[in-house]
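Biologist: I am new to this structure and would like a close look at a single part of it. Please keep the account plain.

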Amino acid sequence: MANDVTLATWRWAVRIAASLLLFLSAWIVVPAPTMALLALGVGVPELSPVLLVVTLVAGVIAWRTGATGALVLCAIAATLFAVPIAQYPRGAPLSVRCLLLGVPAPDSRVTRGVQFAAPQGVPLTVDIYQPRATGRVPTVVQIYGGAWQRGVPGDDEVFARHVASQGYVVFAIDYRHAPTWKWPAQQEDVRAALEWIRAHAPEYEADPSKLAIVGRSAGAQLAMVTALQDRAVSAVVSYYGPVNLARGWREPPRPDPIGSRGVLEAYVGGTPDQVPDRYREASPITYVSATAPRSLLIYGARDHVVQARFGRELHEALLAAGARSELVVLPWAEHAFDIVTGGLGGQLSLFHTERFLADVFR
């Protein structure tokens, strides 16, 4: 009798687990319609190898306990969890330790909260990450994302520490936020940060003549617009950055979990029909030329915030102009995939960024 009760308990437990795993696996193929569900659309594909192992274990338990229905659910979930793994490039590095624990944040010298400007009385600061070893090294400027409305220089600290450990000084900068501050206030802040960095670089053992800008999402738009107009910038890395803001407004993703039109209007100050010049001036595609710095563009093919086709458009325009550009599209990835630092996209994008910067500054 006791054995029957125990078996029944295991069956119910594995049915619940299998149902939950199937629910999670669905977000590998189903686009997230809301911000609340976008976290699943981002995180599940990135952690799919771990979830696949959990599903296989649940499948074994379902088979051993005779829970046929749960076994079927596990089989479907396992198939979906295997999709991103099958799409991962053969030969690219993949650390199991990072999948389980995240990318480690190496020890570095960190100076926080250094003020570089105070436009209209708004204090703007920079966090500075230096390698443990001393000596003059190239400069990397990091610009956070957040729909131009939120974020702090301390965002993406693991990335900054890791890059610093590779022999760079990373300046993670701040900028004023929409909707209180609209374009071009943010670009003015980035330019002020670059001016301060170039003036103070020797204090932090940074070489301002070797300078790359790395931005994510909204920060990538600012990085690209600034880099494409500043011939002293050596390279720029755009993680899923907006490219053509007017087209982004007119052709929003479907579904559109963040409400792209509202975000753009809050940033630019109206619709493309109301302020067309601002949309043109804020679009990186406007400034493409043969003198553009070397560019690395990284997008997720399943991005429902900034569609990957815009990254491809910018890449092709740069090549057509005679500039050097690299495009990396991750087939399984949603927007902000690298927030899971040890996930598939987090590891692969970090690998490409490391290799790119090393080649630029060799």
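Is Ser108 buried or exposed, and what is its relative accessible area? Please also describe what surrounds Ser108.

Modeller: This is a predicted model. Ser108 has a relative accessible area of 7%, and buried means under 20%, so Ser108 counts as buried. Ser108 lies in the loop between α5 (96–101) and β1 (109–117). Leaving aside residues up to four places away in sequence, Ser108 touches Tyr129, Gln130, Arg132, Arg161 and Ala164. With one of these residues, Arg161, there is a polar contact from side chain to side chain, at 3.3 Å.

Just after α6 comes Gly167, with a positive phi of about 105°.

Two other parts can be set beside this one. In helix α2 (residues 35–46), the buried residues are Leu38, Gly41, Val42, Gly43, Val44, Pro45 and Glu46. The 12 residues of α2 should span 16 Å at 1.5 Å a residue, and the end C-alpha atoms are 17 Å apart, which agrees.

On the surface, Val60, Trp63 and Leu71 form a nonpolar patch with about 310 Å² of accessible area together. Leu71 belongs to helix α4 (residues 68–87). The relative accessibility of Leu71 is 32%, so Leu71 counts as partly exposed, whereas Ser108 is buried.

Methods. Residues are numbered from 1 along each chain as its sequence is written. This is a predicted model: local features need pLDDT of at least 70, side-chain atom pairs count only at pLDDT 80 or more; totals for chains, interfaces and linings use all residues. Side-chain values use heavy atoms; hydrogens and water are left out. Helices (H or I, at least four residues) and strands (E, at least two) are DSSP runs, numbered from the N terminus. The expected span of a helix is 1.5 Å times one less than its number of residues. Buried means under 20% relative accessible area, exposed over 50%, partly exposed in between (1.4 Å probe, protein chains only). Patches are made of residues with over 30% relative accessible area and no salt bridge: like charges are joined within 9 Å, nonpolar side chains (Val, Leu, Ile, Met, Phe, Trp, Tyr) within 5 Å. Accessible areas come from the Shrake-Rupley method with a 1.4 Å probe; for residues, only the protein chains shown count as cover. A salt bridge is a side-chain nitrogen of Lys or Arg within 4 Å of a carboxyl oxygen of Asp or Glu. A polar contact is a pair of N or O atoms within 3.5 Å; within protein, one must be able to donate a hydrogen and the other to accept it, and residues adjacent in sequence count only if both atoms are side-chain atoms. Contact means heavy atoms within 4.5 Å.
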